[in-house]
Amino acid sequence: MKLRRFATQELATVYVAAMVESLITRESHPVLGLATGATPVRLYDRLVEFHQQGLSFAHVTTINLDEYVGLPATHPQSYRRFMHEHLFDRIDIPLAQTYVPDGMAINIDDECERYDAVLDTYPIDLQILGIGRNGHIGFNEPDISLKTRTHVIDLTEDTIKANARFFPDVNRVPTRAITMGIQSILQAKAIILMAFGSDKADAVRRALSGEVSTEVPASFLQMHPNVTFVLDEEAAQQLQTGQLLQASEWSRPHPW
Ligand code: PGA
């Protein structure tokens with residue numbers, strides 16, 4: 001486990017963008033696991049800037065974590081549309097190399113199986129994650145058990161409330177989503193979790209508590225050999241010195 005704390009989100013996102021560049025310039029067929037939400041928006045802006053300065057994504061495959069059930073790809077709040085607006089339409093990645101679950105699939109179970117097959121075909125080199133205020137990663141919500149592979153999940157009230165900021169009102173927020181499972185996330189060769197702002201501080205503290213609990217899905221990341229938590233000061237504010245040191249002690253170099 002590696003922990004990197006930055007004074008500002010801007011600095012933190014430049015750091016992550018540089019890690020992404022490092023991967024995609026070294027690998028001939030890099031696979032990026034991508035996230036949506038407010039947290040990675042600046043990261044995608046930085047990657048677009050890098051692209052404008054010559055960085056190509058033509059050989060990159062991307063696999064997104066999740067998608068709302070019931071929103072077509074054209075819906076302003078669908079995660080497919082989010083990815084197009086913030087990244088795909090602004091870089092040179094062929095769209096056939098971009099994977100997002102289909103929230104409108106007629107048979108959702110088949111769609112989950114199809115997504116697992118994609119994950120088996122394209123093992124993720126670097127997974128970018130945000131974290132929910134409740135400790136979720138992807139849409140793996142706190143529960144008495146967690147699912148390993150791609151599945152449909154009922155979103156918790158907290159997540160629906162948190163995501164209502166993107167919708168005209170809370171009643172329009174979809175209540176179900178398709179998400180990669182915990183095992184699929186942990187199979188990524190390297191993982192970067194980004195968390196910014198004081199409303200993430202409690203989730204970050206619990207994710208790094210030294211205990212693993214299905215009530216804090218992000219805590220499972222402690223078991224992965226190559227995870228970096230990239231935080232701003234506010235998201236790191238509840239971490240104790242001991243926790244910071246312990247997190248850094250687990251540090252291992254990235255494989256690329
Ligand atoms: P956010 O969401 O980036 O919009 O805060 C993160 C998440 O819920 O995983």
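This is a predicted model: local features need pLDDT of at least 70, side-chain atom pairs count only at pLDDT 80 or more; totals for chains, interfaces and linings use all residues.
**Notebook: helix packing and the ligand site**

From helix 1 I noted Gln9, Glu10, Thr13, Val14, Val16, Ala17, Ala18, Val20 and Glu21. Helix 2 answers with Arg42, Leu43, Arg46, Leu47 and Phe50. Sorted by class, the contact of helix 1 with helix 2 has 8 nonpolar, 2 polar and 4 charged residues.

Then I checked the geometry. Helix 1 covers residues 9–26 and helix 2 covers residues 41–52. Their axes come within 9 Å and cross at roughly 55°. That angle makes helix 1 oblique to helix 2.

Helix 3 runs over residues 79–86, and the axes of helix 2 and helix 3 come within 10 Å, crossing at roughly 40°. I therefore wrote this pair down as oblique too. Here Val41, Tyr44 and Val48 of helix 2 meet Phe82, Met83 and His86 of helix 3. In this contact I found 5 nonpolar residues, 1 polar residue and no charged ones.

Last stop, the ligand. Which residues are around the ligand? I listed Gly37, Ala38, Thr39, Gly130, Ile131, Gly132, His136, Arg165 and Lys200.

I then went through some distances to oxygen atoms of the ligand. For Ala38, a polar backbone atom is 2.9 Å from a ligand oxygen. Arg165 uses its side chain, with a polar atom 2.8 Å from an oxygen of the ligand. For Lys200, an N or O atom in the side chain is 2.6 Å from a ligand oxygen.

Definitions and conventions: Residues are numbered from 1 along each chain as its sequence is written. Side-chain values use heavy atoms; hydrogens and water are left out. Axes are lines fitted to C-alpha atoms, for helices over the stretch in contact, and angles run from 0 to 180 degrees between N-to-C directions. Helices (H or I, at least four residues) and strands (E, at least two) are DSSP runs, numbered from the N terminus. Angles under 35 degrees count as roughly parallel, over 145 as roughly antiparallel, 65 to 115 as roughly perpendicular and the rest as oblique. Contact means heavy atoms within 4.5 Å. Ala, Val, Leu, Ile, Met, Phe, Trp, Tyr, Cys and Pro count as nonpolar, Asp, Glu, Lys and Arg as charged, and the others, Gly among them, as polar. A residue is near a molecule or strand if one of its heavy atoms lies within 4 Å of it. A polar contact is a pair of N or O atoms within 3.5 Å; within protein, one must be able to donate a hydrogen and the other to accept it, and residues adjacent in sequence count only if both atoms are side-chain atoms.
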